[in-house]
Every structure is written in C-alpha cells, then in structure tokens.
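Try each task before you read its solution.

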Amino acid sequence: MTAPTVVQRTTSVRGHDGLKLAATEVLPAGEPRGTALLLHGEGADRDQGGFHVRLAAELAGHGIASLRVDLPGHGDSEGTQAELSLSGLLNVISAALTHLRETVAPGPAVLVATGLTGGVAAGYAARRGEEVAKVVLYNPLIDYQEHFADANPAWSGGFLGAEAGRALLADGHLRVSDTFVVGRAMLNEVFWLQPRGVLPVITAPTLVVHRVGPPGAPVESSRSLVEALTCPSRLVEIGPPVEAHWQAPAIRVTTEWLLGEQ
C-alpha cells in the first residue's frame, strides 16, 4: 500500500486592505502537528530562491504544514512595492496567520522570516504572542532606520537629499536594489517603527540563523538581537566554507529547533 504523499497547492490570501496575495500551502500526510508561515525577503518571492520550497518539503516530512506568501508587489501578488509599508507587512502576517488557522489548522503558528520581514516578524511576535508558537529569523533586518536612512549616502541628518527627493517625487519610489524599491510611506515609518525596542517582550522561543558574508544585515546585528531577547533563544552563524552551501545546514537546524530538539 502506497503511503500518503505531501500535498502542495496554490492558493491566495486576502489581505486586510483587500489585496489578493498569491500563496502556496504545503501539507503533510495526515493531520499536521503544527503550522508555519514563511515570509520571504525584499525583492524576492514566496519561494525565496528555492529555499522555501526545500524548507517546506522538509517541514511537511516532519508533520508541519506551511504557508508561503508573495508580499504585495512581489511575485504574483497584487499591489506595488512602492505602496509597501512596515505596518502593511504586519497586516500581511495577520492575514496569513488567519488563513492558516481557518483553512489548515487552528492554534499558534511558527513565524519564519528573512531579511526585511525579520524585524516585522519580531515585532508581530512581541505584540501578538498568543498567535506565535516559535520564531525563526534568517539574516533579519532589525534596524530599519539605519539600513534605509542613516547608512544611505542619499540621506543626511535624517533628511533626504535634494536630488533623491526629486527622484522620489517624480517616480513615487527610490530604488534600493535591482529587484526592490521603497516608497514614501516606508521611508517615513523607519524613523518610528523600531523592532529592536520590543525584542525583550517576545515570549516565543526564537532561533536566529545568520549567513555570514552576503550584503545586508551585519552579523553583529543578529548577535545583539539575541542578547536583547529574554525568551529561550539561539543564534547559529553559518560562515565560510559552509556559507556557500548554507541552505542544507539552515534547514537542518531549523527543523531541529521546531521539533524541540535544540
């Protein structure tokens, strides 16, 4: 007799603001022992370069169902990147967790986030801890003001330079990378929404996996993040020579953490 297989199906999540967000559910054979929401980084899509596909398959093999969602203006979702805001990302998490509870399984879910969504996921866990079972953050961006303004030569003393200001006015956004732009709403929010300030409030066990080397959030940021946590936590740094093949160890340590074998 053939054993039941993992089920993958395309679906959509209805955002609080009415946007239709493209999503994929991966369900284990039988009743799930838990659920996880996989949030991709800026400029990517819900597959996160194939990483989320492999992670979801591994989780399903251990009985954990997952949902991965294209952020607004990314992948196949509606909306534009220029309209994206940090508070809007909090609502994406809220809508996706509601979808998981209503269509997959009730109860709190694991939040898995990368890069830009890392700080937002941490903020969500601090505010709505009853909805979050555990937190897993990959190279999380926590210091939004520093990343988008303080360390950006287009800004000085908290003010956008004249040339960049004209570009923002004309285009409605500023380009951050080849695949990601930010609009005025997010640029204003980064001065006021500071995930680092709520880290001690998080109660869900938290795993931080930092891939040392690629551009983005520095490893020192992840180290200080874990130091600020008061919940059970762990930091795993993946550096050379393993860094070139980081997905397998990242998936392994994540699975061990979620299964309670840390």
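**Exercise 1.** Find which strands and which helix the buried residues of H1 pack against.

*Solution.* Start from a contact list, remembering that this is a predicted model. Contact here means heavy atoms within 4.5 Å. The strand partners are E2 (20-27), E3 (34-39), E4 (64-69), E5 (109-114) and E6 (132-138). The helix partner is H8 (247-258).

**Exercise 2.** Work out which residues of H1 are buried, and where they sit when seen down the axis of H1.

*Solution.* First, take the span of H1, residues 51-61. Next, keep the residues with under 20% relative accessible area: Phe-51, His-52, Leu-55, Ala-56, Leu-59 and Ala-60. Now look down the axis: these buried residues fall within an arc of 155 degrees, so they line one face of the helix. Finally, step just past the end of H1, where Gly-63 has a positive phi of about 90 degrees.

**Exercise 3.** Compare the radius of gyration of the protein with that of a compact globule.

*Solution.* Begin with the chain length of 262 residues, for which a compact globule would have a radius of gyration near 18 Å. The protein has 18 Å, so the two agree. For the extents, the C-alpha trace spans about 70 × 40 × 35 Å along its principal axes.

**Exercise 4.** Describe burial and sequence separation across the whole protein.

*Solution.* Of the 262 residues, 51% are buried. Then take contacts between residues at least 6 apart in sequence: 70% of them join residues at least 24 apart.

Terms used. Residues numbered from 1 in each chain as written. Predicted model: local features only at pLDDT ≥ 70, side-chain atom pairs only at ≥ 80, totals over all residues. Heavy atoms only, no water. Rg over C-alpha atoms; globule rule 2.2 N^0.38 Å. Buried < 20%, exposed > 50% of the residue type's maximum accessible area, 1.4 Å probe, protein only. Helix = DSSP H or I, 4+ residues; strand = E, 2+ residues; numbered from the N terminus. Arc of directions from axis to C-beta.
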